[in-house]
Each structure stands twice: as C-alpha cells, then as structure tokens.
Amino acid sequence: MTFHASHAMPDEDSALVQFWNGTLAPKFERYRHVLVDGLANHSAQILPNLPIKPGDKILDVGCGFGDTALALANRVGPGDVLGVDCCDAFLAHAWRDAERSWTGNVRFAREDAELGLGEGIYDFVFARFGTMFFANPVRGLSNMRKALKPGGRVAHIVWRNRENNPWLTAPAQVVRQFLPAPGPDAATCGPGPFSMADQVATEHQMEAAGFTDIRFERIDAKVLVGRTVEEAIAFQLAIGPAGETFREAGDLAEEKRSEIEAALADLFAKGETTAEGIWMDSSSWLISAAAPNIS
C-alpha cells in the first residue's frame with residue numbers, strides 16, 4: 001500500500017476543514033496516544049457486536065488515525081473498508097499503520113462527509129466521535145445514509161451530556177475561572193463535542209436525514225487524559241473546550257498560565273492513576289439506525 005490521499009486545494013476547503021488541517025492536526029498528532037488509548041475504550045465495547053460480517057463493504061467516517069478502520073477490516077475480510085477524513089495528517093498515520101500491519105483490505109481517502117460520500121455503496125457506515133463536528137449535521141448524516149445500500153445500517157458514537165464527561169468539562173471549568181469564554185468569532189472545530197448529546201434533538205436530526213429504526217445505547221468508560229499530570233495539563237490546554245478557551249485568550253492566557261497550570265494540577269491529582277496514566281470518567285451514545293429498504 002502507498003499513501004495516495006487525493007484532496008482539494010486548500011482554497012477549496014471550508015473554513016472548518018482548513019482549521020482542522022492547519023490548527024488542530026498538529027495538536028492531535030502530538031497527543032495521538034492519549035486520544036487513541038482513551039477513545040478506544042468506547043469503540044472497543046461495541047465493535048465486537050456490530051452487525052457486520054465477512055464480505056461486507058464498510059465506510060468509516062471521520063476515521064482519524066485509522067484504528068477503527070483497521071479493526072473493522074479485520075472483521076470483514078475478504079470484504080473491504082474505506083476510511084475517510086478531512087485531515088491529511090491523520091490519513092498519513094492511518095496508511096502507515098495499515099502498511100505495518102499488512103492489512104490489505106483497507107483504504108483511506110480525504111473526503112468531506114458534508115460534501116458527499118457516494119450513493120448505495122456500503123453495507124455498513126461507522127463513525128467514532130466525528131459526526132458531532134458536522135457544521136450541518138443533517139446534511140452530513142444524510143450523506144452517510146445515501147452512502148448505504150438499501151437496508152444498510154449505520155452506527156456512530158458521540159459524547160453524551162457535559163455532566164457525565166468530566167474529563168472535558170472539569171478542566172474547562174478550571175480554565176474559565178481565569179479566562180473569558182471564547183467569543184462568537186472564535187476559530188472553532190465545529191459545533192463542538194456535545195452537539196449531539198441531546199437524545200431527542202439528535203433523533204430528530206437522524207429522522208430528517210432519512211434514517212429509520214433509530215436506537216440509542218449509553219456507553220460509560222474511563223478515558224486516559226495523560227501519562228503524567230504535566231502531560232494531562234498540556235493535553236487539555238491544547239485540545240477540547242479548555243484548549244479552545246486558552247487558545248482564544250491569547251496573551252492573557254500566557255500571563256495566567258502558571259496559575260491555570262497549578263489549578264489543573266490540583267484537579268488531575270484527584271484523578272484515578274494507574275501505571276498507564278491518569279483516567280477520568282466519560283460517557284457516550286452509540287446511535288444506530290437503518291437506511292430504508294426500497295420496495
């Protein structure tokens with residue numbers, strides 16, 4: 001396999017896609033081990049039970065570093081998996097891992113799900129913590145539904161409410177004690193990690209996108225926030241709601257850095273610590289649904 005990620009020129013990308021590639025990708029690469037090790041605790045609970053079988057054709061939307069696409073490919077061989085993401089750096093890592101593992105039935109491509117994913121191609125569409133960032137969720141979800149064969153199924157994982165995700169909200173609350181909330185013109189990764197937390201609103205979005213048999217299942221898991229207190233602090237100030245607040249505050253954030261880091265150190269000192277690092281509680285929805293059959 002060779003990395004051949006076709007992609008649009010930067011001036012053709014949406015502002016959101018440009019922000020992911022230019023601002024967020026280096027931060028996500030730096031903390032790849034934290035993100036993958038933590039998020040995998042959610043997908044690991046459901047991947048073995050997904051209704052997929054050998055020979056199926058699967059699409060992984062927002063595949064990130066490709067770990068879920070590789071896991072799916074191992075399930076469906078001789079079927080195949082296409083992992084798509086808008087971020088070039090993520091796809092480069094995904095291709096390299098596929099090559100290292102000799103996984104021949106997986107491919108990766110640079111695609112924006114809100115612009116289209118093909119029609120009537122896949123038996124199953126999967127996404128882990130990607131759909132919450134759709135600028136137009138109904139459009140993105142509709143394109144996922146269109147990509148399915150009639151009667152095909154989708155499963156996507158999104159964060160539940162803020163109260164059950166202290167790994168993101170508690171550090172943000174600490175940072176907001178020192179810095180103002182980002183303004184309406186702040187550069188953003190999209191609607192945000194909790195944009196699909198409300199079950200009723202998200203079910204309406206799924207219905208508007210054309211899905212049927214919509215189901216919600218709660219998943220609770222510990223997530224890694226850093227191997228050390230110092231890494232947990234750096235991770236939070238780079239990524240997520242706390243990171244957005246810190247980034248947008250500019251010079252004021254740097255002036256307050258020592259106070260903020262001390263307060264975050266107190267927070268993480270209370271976390272659950274193992275040989276792997278510091279863990280905090282998190283909670284997600286597994287949302288599954290079907291594309292209508294054509295009579």
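I began with helix α5 (residues 137–147), where Pro 137, Gly 140, Leu 141, Ser 142, Asn 143, Met 144 and Ala 147 are buried. Buried is under 20% relative accessible area, exposed over 50%, partly exposed in between (1.4 Å probe, protein chains only). Helices (H or I, at least four residues) and strands (E, at least two) are DSSP runs, numbered from the N terminus. I then listed the packing partners: the buried residues of α5 pack against β1 (57–61), β4 (122–128), β5 and α7 (199–208). Contact here means heavy atoms within 4.5 Å.

The model is predicted: local features need pLDDT of at least 70, side-chain atom pairs count only at pLDDT 80 or more, and totals for chains, interfaces and linings use all residues. Residues are numbered from 1 along each chain as its sequence is written, and side-chain values use heavy atoms, with hydrogens and water left out.

I looked up the confidence, pLDDT being the predictor's confidence in each residue, from 0 to 100. The protein averages 91, and 95% of the residues score at least 70. Residues 1–10 have a pLDDT below 50, and this stretch has 20 contacts in the model beyond near neighbours in sequence.

Next I took helix α6 (residues 166–176), which is largely enclosed by the rest of the structure because eight of its eleven residues are buried. Those buried residues are Trp 167, Leu 168, Thr 169, Ala 170, Pro 171, Ala 172, Val 174 and Val 175. Their packing partners are β5, β6, α8 (229–236), α9 (240–249), α10 (251–269) and β8.

I moved on to Asn 105, in the loop between α4 (88–100) and β3 (106–110). Asn 105 counts as buried because its relative accessibility is 18%. A polar atom of its side chain lies 2.9 Å from the backbone oxygen of Ala 73. The side chain of Asn 105 also reaches the backbone oxygen of Gly 79, at 2.9 Å. Leaving aside neighbours within four places in sequence, I found Asn 105 in contact with Ala 73, Val 76, Gly 77, Gly 79, Asp 80 and Val 81.

At least two lining residues come from each of α2 (32–46), β5 (148–159), β6 (212–226) and β8 (278–290).

Technical notes:
Polar contact = N/O pair within 3.5 Å; in protein donor to acceptor, adjacent residues only side chain to side chain.
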